[in-house]
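Please keep the structure in view while reading.

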Amino acid sequence: MSKTLLIVESPHKAKTIQGYAGNDFIVIASRGHVTDLAKGGIHGLGIDINNNFKLKYVIIDDQLKTLEDLVLMAGQCEQILICSDPDREGECIANQLRIRLQDLGKPIKRIEMHEITKKGFIEALKNPHDINASLTSAAEARRALDRLTGFLVSPYLMNNFGKGLSAGRVQSVVTKLIVDKEREIENFAPEEYWTIQANLANIKQESFISKYEGKILNKTDSDKIKSELEGTNLDAKYIVHSVETKEEKKKPSPPLITAKLQQIMSKSHKMMPEKTMKIAQGLYESGIITYMRTDSIRVSDQALKEARDWLKTNKYEVPKTANKYANKNQAQDAHECIRPCNLSTKPDSTEFSSDEKLVYGVIWKYFLASQMMPSVYNTLKVSIKLQSNPKIILKASGKALKSEGFLKMLGVVDQSSIDIPLLKKGDELTLSGKSPILAEQKWTQPPARYSESKLIETLENKEIGRPSSYAELLSKLTVRNYVERHENGVYYPTELGKKITDELTKYFTFMDYDFTAQMERKLDAISEGKANYIDMLKEFYVPFREELNKAYSDHGAEICPKCKGPMILRTPKISGPQFWGCTSFPHCNGIKSIISNESVAA
């Protein structure tokens, strides 16, 4: 009987899919990437800059046995299907596997599973296709950008500021966000302002709090307004100018995307993004949720119907037509939102660990809530004028929940109320109590430092990095001692972080927020086949290399006798004195002796 080799990324996923696939398939895991960009020695950057930025891949040492097993199993099968994760990185993994298995002469196709279920497996088998060259190019372009930035700028930092320092195309920009926020706080100058509230009562002596609506910037103005509001012996009169009552509807949020899931878990459950994504990955591989790396809020028609049917069956009111949500402009929309594969699998299931219950519970509830009715509030707004000076206006407002709607699914308890008596236009009001006017001096507050959830929100809004990389990004943020994460969950820059950020910002365009966002959009364009990988890298590298040369030159670097670029101090691997070596090695092997400062034949 002919068999098909199905390659996935993780052993957990392989075990789950083997249960659906049956005896006609051999399902085996590649355990992620089997190759990596070469580095060091003759490989240098692992990128041949002079040959259209061709990438040099080598087999990862720990993956030699895995690759041997894949080749062995492939030899026993009639065809090969590669089912790595359905994203750019997964496409890159699929392409590297194809390159290393194609000499076997077996047909190789790519399939994608957006949910690890029997239905997802059957759908994937219906749509085998070739490797998407555009997605692969986008993944490799990102890898090249990161390698060029990290491997060329990090030696510059270490050469001029000390060992153990590094730069990253995105990580250094995130550090800059935190440094810039700290500078905002350090440079913040508090400004004085005053608030005044009045305790008023109607003819029935039903009292309520109202607030002066104008701006008060000093005590002199505050005292003057307070005096007018009090009148003589607290006998001031007030007239109700307007009463506005209406219903306000609050629509449910869209179903979850990667960034929003990380924000909610961090803010509400103090769970770090890295842990959230690890748990979500396990839920995906077990067939519990759809693919967890997505920036799209799209929901399939079938899933919409299942959600509405479940809500109706369980006595929840639903809108006449399904709620629809629009993606942000930068969303790739390659996948659906993060949702349960089967709504009958509830968060309180005994098969889940406590952490899995938390993550799955949020996904399950937000998906169902997205198809529920809005919550409805009764609101009241009252405008009141001082009778003796109608230019002085007080405001009072309140709202109370009328209908829970989607809040019931999320377990949100809203106990807000309207603490204002029944009023109508023209009603006369008087001051109530012994000290009915309260004036308070206040000061504007500095901006808050970034919490994890706020940092993720800012990264998403500024299009810095991609949601799929946020977890890894934040987990590495504190490694180089540029940033500290305090016990209260907020990020502070260190003095070293400020110093390195200032240095990088002085010389390198990649530190600019808008430039970083533009690079992400260019990567998206490559993945859509609208831009060329090589052109994009050339456009980045030429000015980047000039910036790097300028940075070295400003710090007294020697000039290479061969290419006229900057040189750095190098130490021989075996023995011998230090020497000046070209920063473009291995593409340029020019060197100089330190002692004589003369060129040495290379």
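Which residues of α13 are buried? In this predicted model, the buried residues of α13 are E452, S453, L455, I456, T458, L459 and E460.

**Helix α13**
- The elements that cover the buried residues of α13 include the helices α6 (171-186), α8, α9 and α14, together with the strands β16 (483-485) and β17 (491-493).
- Directly after α13 comes E463, a residue whose phi is positive, near 60 degrees.

**Helix α8**
- Helix α8 covers residues 258-269, and its 12 residues, at 1.5 Å a residue, should span 16 Å, which agrees with the 16 Å that separates its end C-alpha atoms.
- Buried in α8 are T258, A259, L261, Q262, Q263, I264, M265 and S266, and the elements covering them include α9 (273-285), α11 (354-369), α13 (452-462) and α14 (467-476).
- The residue that follows α8 is K270, and its phi is positive, near 55 degrees.

**Packing of α8 with α13**
- The axes of these two helices come within 8 Å and cross at roughly 160 degrees; because angles over 145 degrees count as roughly antiparallel, α8 is roughly antiparallel to α13.
- The crossing of α8 and α13 is left-handed, and the contact is made by A259, Q262, Q263, S266 and K267 on the side of α8, with E452, S453, I456, E457 and E460 on the side of α13.
- By class, the residues in the contact of α8 with α13 divide into 2 nonpolar, 4 polar and 4 charged.

**Packing of α16 with α17**
- Helix α16 (residues 513-527) and helix α17 (residues 533-554) have axes that come within 10 Å and cross at roughly 165 degrees, and the two helices are therefore roughly antiparallel to each other.
- The crossing of α16 and α17 is likewise left-handed, with F515, M519, K522, L523 and I526 of α16 meeting Y533, M536, E539 and F540 of α17.
- The contact of α16 with α17 holds 7 nonpolar and 2 charged residues, with no polar residue in it.

Methods
Residues numbered from 1 in each chain as written. Predicted model: local features only at pLDDT ≥ 70, side-chain atom pairs only at ≥ 80, totals over all residues. Heavy atoms only, no water. Axes fitted to C-alpha atoms, helices over the stretch in contact; angles between N-to-C directions. Helix = DSSP H or I, 4+ residues; strand = E, 2+ residues; numbered from the N terminus. Parallel < 35°, antiparallel > 145°, perpendicular 65-115°, else oblique. Left-handed = near helix turned anticlockwise from the far one by under 90°. Contact = heavy atoms within 4.5 Å. Nonpolar A, V, L, I, M, F, W, Y, C, P; charged D, E, K, R; others polar. Expected span 1.5 Å × (residues − 1). Buried < 20%, exposed > 50% of the residue type's maximum accessible area, 1.4 Å probe, protein only.
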